[in-house]
Amino acid sequence: MTLQPDDFWSFNEWLMRPNSFLESALLQGLVLIVLAIVLGLIVGYIVSAARYGPVEGFYAVARAVRELLLHDGPRTSPRRIVALARLAFKEAIRRKVLFVVGLFVVLLLFAGWFLNEESRDPARLYISFVLTTTNYLILLLALFISTFSIPADVKEKTIYTIVTKPVRITELVLGRMLGFIAVGTLMLAPMALLSGVFVKRGLDHVHQVETVEEEGDGSIVGTTDYVQGHEHTFRFAADQDQTVTNKVRGHRHVVTKTKNDDGSYSFDFSGPVDSLVARVPLYGEIQFYDRMGEPKNAGIDVGQESIVGGYSSAGVSRLIGVAQGPRKIEYGYVEGGTLGAAEFTFGGVSAERFGNTDTLLLDMQIRAFRSYKGDIETGIHGSLTFKNPDKPIQSEPIAFIVDEYELDEQQIPVELEIIEDGKTSTGNLFEKLVSDDGQLQLVLRCTDDAQYLGVTRSAVYLRPAEVAFEVNLAKAYASIWLQMVMVIAFGVMFSTRLGGPVAMVSTGVLCVVLSFFAEQIYDTRHYIDIGQERGGGPVESLIRLVKQDALTTQLDLDSTTTKVIKTTDAGIVYAMDALATAVPNLPKMVETAEYAASGFDIPVALVGRHATATFGYFLLAFLISYFLLKAREIAA
Amino acid sequence: MDSESSAAVADRPENQPAAATPAAPDVASDVVIETRNLSKIYRDFWGRRKVNALKSLDIEVRRGEIFGLLGPNGSGKSTTIKLILGLLFPSSGRVLVFDKDASETSKNEQIGYLPEESYLYKFLSAEETLDFYGRLFDMPGSLRKQRVDELIKLVGLSGARYRQLKEYSKGMTRRVGLAQALINDPDLILLDEPTTGLDPIGTREMKDLILALRDAGKTVLLCSHQLADVQDVCDRVAILHQGELKELGRVKDLLKVRDVTEIHATGLSDSAKDEIAEVIKRHGGNVESIDNPTATMEDLFLNIVRESEARPGARRVSATSDVAKSDAAGDAADHGSGMGDGGSDS
């Protein structure tokens, strides 16, 4: 997975955006809440003024605010919230929503037929299957239970017996939301457990030995049988009793050798190891150098890895038009046989952090660009050089051949050849190459003339640690849980005013359609802003569609009409842009699953960001629900 | 009312103001509900006027009385109750309940409301229902448990307390509805068509309960179009028609026919009747009829049911003299039955 700039942000960077507060999540949240309050007051005033006249209307709004601050807010009783939450919970349970868990079990049972264990990366397939399935099932469920409950209460008038008790609207809304969250949690927990078991069991397999050959020096080389579409090879040195097989499809097996009475050997294979890992990467800062060795912001663009999108990380600043264009990261290339290089600076490197290991784990996901075909079988060569950022000390270049489309897992010995003052000697990487403040530099070059290597910041990283697969899966499910909370909050919000089906569609449009198409809306706005012909807004697109005009040609209409259309379109697109910026970034949350599927540890900062955003939107939906329900004539 | 159930209603000193009797003098604080120029216009989505449901209603309900809102369907009775509860917002005018605006939530602490039909959650059992509504009053657990037990006994649902309401008959649902209206031991009870859907026994029990509530110092506001109910229990009534107040006053005063005199007597011979007629004529009166009275259908029905409970089996259908007997028996038994013993509609 290629990480974008905002994926590297720590929680604090995301919340505050040091030096560019306009882009910060905090500002966006505050603006949204303030906007909701101001708009709420205006709409509330218009409605009350229509009902009671302009002066009385003002007092009605003032009373509502006073009521919230003096009575409904402070007198909200936890006992009543719990009572209402329990009611919502019982309602859902007695309407047999647990059926969904059953449905999930059935899906899992049949999934075995369709999930191909022989794929190149079965772990990814299994994990992403369970996460995607649970994700959408839970969101759908949240949508249904949250949007149909209050409208049913109003329709069946059961709400009469509730609101004629000393129940505050705050309690009514919170009770619903919390009750449904409890239901969702009750469903999600078994699904998460089942998923974990399913993935582990699905990937589990053992091999038998197929061929064994003793070599002259006493070492033993063997191959395994063919299971789940693959086989392994292994090699015992003369005095070894245990070894690991080679890595195929992301896993290895531990092989143990025992000598039988008749002098032959028998081999015992463990289950797959390393197949379910959650790598904790240590990313560095990247700096490109061009062919003359001059520092550059980006690598060479080899074309078609075009930079579109990446606007959504700009927060309010993009909305008010002060963001500087797109900021999506694509691969940048380094020219071979020149001074061109990509230099990564890793911080916080120490022997302790890497567990005092004797091999440093370095993962690379590097792309190649060939300006001539060359010998396609040998691949493109590159070199790695470790450097001390403060002193003129560096390692001997380590050569490698680019593994295109594969994760290249390098094991760098900690004791390596080091060049210091023009002399080469064996030295310790941590002692010699890491600066006093824990920084280590890695320079990546392409050694084939006129061939190119492509990297991004997330393409090369050190691996100081791993976390348990179960922990990572739990984090992935936490993210799904947060999405569910978000959908429930908005579902309840819409259902305070709208009928069940309408509320469901509204929540769906808001949470799914708008947020999943947000990038397209931002793109459209960007092209309108810079005046580039890209098909324009909705009206222009419709006209082009009917007239079968190409997107990049000038609109073939007279200038006044064009102007009217363009202005209308700009208005619509800007409004959609504002709306898309306001809605929760659900796709980003869904993307969290990608970390687990790719075998990366889900950063705690990311879960924290999602949790904070969810809490903010929950608060917003709660406030809006409160005013909507307060202003509603229940019996009308 | 048996002694236990009346205790459930009466013995609750904490919320009860000092000795509020029906005969208490009219002080401002004794007005429990006050509507001032209350009007309600129903509008459609576009704000166009659809129905003028209530026009300038001014009524006062005083502490400790049973106040009836009377009128045909669509006369504005239910609208008035919903305005009092804050379920509807007035188009103009105000409603004050315990001197608070009807839109204030805190007034509900002292109110019990039995809706027209029992709008309860069908997936809860009677016990869960009452416990839930008890929680809404922020009642602590021990008090809640005690109240729920008392009320389930009071409305006679002890045998069905763990069954979900969807299995209940209409009468039983009504009882749960009543129990939830009383869960907080309210000072003011609003009953929307309290006897609708009840059989005569249930109706009788409901009326007895309403009287018992009044005797316990509660204020009751009920609306109904069943005139017999209103006549039996209400102290004062307001008669509404097409959203307008047509009549307001004490039931006794309103129903008194001032120029007709009624004499009830037993054991008179025909000659004695003639003599009485003679006396009336002599005093310038006009004898309109001298006849044997007929009982009401309600009395007859109640009497038959009681009789069959005492002596099961087919009843011998007899001549008219039975009716007179049943009338007397009905009177004697009138206040003897509580809500507790009626299981006939389960």
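Q: Axes are lines fitted to C-alpha atoms, for helices over the stretch in contact, and angles run from 0 to 180 degrees between N-to-C directions; at what angle do helix H5 and helix H6 of chain A pack?
A: This is a predicted model, in which local features need pLDDT of at least 70 and side-chain atom pairs count only at pLDDT 80 or more, while totals for chains, interfaces and linings use all residues. Residues are numbered from 1 along each chain as its sequence is written, and chains are lettered from A and ligands numbered from 1 in the order in which they are written. Helices (H or I, at least four residues) and strands (E, at least two) are DSSP runs, numbered from the N terminus. The axes of H5(A), residues 99–114, and H6(A), residues 122–155, are 11 Å apart, and the two helices pack at an angle of about 155°.

Q: Is H5(A) roughly parallel or roughly antiparallel to H6(A)?
A: Angles under 35 degrees count as roughly parallel, over 145 as roughly antiparallel, 65 to 115 as roughly perpendicular and the rest as oblique. The angle of about 155° therefore makes H5(A), relative to H6(A), roughly antiparallel.

Q: How many residues of the contact of H5(A) with H6(A) are nonpolar?
A: Two residues are in contact if their C-beta atoms, placed from the backbone, lie within 7 Å, and here A:Val100, A:Phe104, A:Leu107 and A:Ala111 of H5(A) meet A:Phe129, A:Thr133, A:Thr134, A:Leu137 and A:Leu141 of H6(A). Ala, Val, Leu, Ile, Met, Phe, Trp, Tyr, Cys and Pro count as nonpolar, Asp, Glu, Lys and Arg as charged, and the others, Gly among them, as polar. The contact has no charged and two polar residues, and its nonpolar residues number seven.

Q: Which helix supplies the largest share of the side of chain A that touches chain B?
A: The contact between the chains takes 26 residues from chain A and 25 residues from chain B. On the chain A side, helix H4 (78–94) and helix H7 (158–163) each supply at least two residues. The largest share, seven residues, comes from H4(A).

Q: Is A:Gly57 buried, exposed or partly exposed?
A: A:Gly57 lies in helix H3 (residues 54–72) of chain A, and, leaving out residues up to four places away in sequence, A:Gly57 touches A:Tyr45, A:Ser48, A:Ala49 and A:Tyr52. A residue is buried if 20 or more other C-beta atoms lie within 10 Å of its own, exposed if 12 or fewer, and partly exposed in between, with C-beta atoms placed from the backbone. Because A:Gly57 has 18 C-beta neighbours inside 10 Å, A:Gly57 counts as partly exposed.

Q: In the open sheet E7-E22-E12-E17 of chain A, which strands stand at the edges?
A: This open sheet has four strands with antiparallel pairing, where two strands pair if DSSP finds at least two bridges between them. Each edge strand has a single partner strand, so one side of each is left without a neighbour in the sheet, and the strands in that position are E7(A) (278–283) and E17(A) (408–413).

Q: In E22(A), which residue is the bridge partner of A:Tyr283?
A: E7(A) pairs with strand E22 (residues 460–467) of chain A in the antiparallel sense, over five bridges. In E22(A), the bridge partner of A:Tyr283 is A:Tyr461.

Q: In E2(B), which residue is the bridge partner of B:Leu38?
A: Chain B has an open sheet of four strands, in the order E2-E1-E4-E5, with antiparallel pairing. Nine bridges join strand E1 (residues 31–43) of chain B to E2(B). The partner of B:Leu38 in E2(B) is B:Leu57.
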